[in-house]
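Have a look at the fold before reading on.

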Amino acid sequence: MGALADGPIEGAHDQRDVFLARIELTPAASRDPAPAELGDTLSAAGRRPIEFFLRVLTEGGADLAIETTAGLLDGLALHHATGSAPMPTADEIVSIVHGLLSITGE
């Protein structure tokens, strides 16, 4: 499970420019609809590995709050990509997700 958990944050590290562009397009799209389609496309691509990780971790739990958990992992990745925090370890990510799942009752 640990190797799988590395994926959601490693993407922000390995493709830092793409990750930051996706993050920057989110507020830009709220002010101007022109970049919204590109932002949506990048967001969907960025969320796929997170959703895959969460589905594996929860053994396909259909009621999982994907958006909330993906947002949390995005925030962790953002802190790492901007240099304001170290990359979380796979064990830390698994622990955070397990904690969130226990709170939501999944």
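## Ground rules

Buried means under 20% relative accessible area, exposed over 50%, and partly exposed in between, using a 1.4 Å probe and protein chains only.

The model is predicted, so local features need pLDDT of at least 70 and side-chain atom pairs count only at pLDDT 80 or more, while totals for chains, interfaces and linings use all residues. Residues are numbered from 1 along each chain as its sequence is written, and side-chain values use heavy atoms, with hydrogens and water left out.

## Around P86

P86 sits in the loop between α4 (66–81) and α5 (90–104); helices here are DSSP runs of H or I with at least four residues, numbered from the N terminus. From L76 to P86 it's 10 residues in sequence and 9.1 Å in space, C-alpha to C-alpha.

## Helix α3

Residues 36–57 make up α3, whose 22 residues reach 31 Å from first C-alpha to last, close to the 32 Å expected at 1.5 Å a residue (1.5 Å times one less than the number of residues). There's a bend of about 30° at R48, with the proline P49 following within four residues; the bend is the angle between axes fitted to the seven residues ending there and the seven starting there. Just after α3, E59 takes a positive phi of about 55°.

I50, F53, L54 and L57 are among the buried residues of α3.

Note on methods:
Helices (H or I, at least four residues) and strands (E, at least two) are DSSP runs, numbered from the N terminus.
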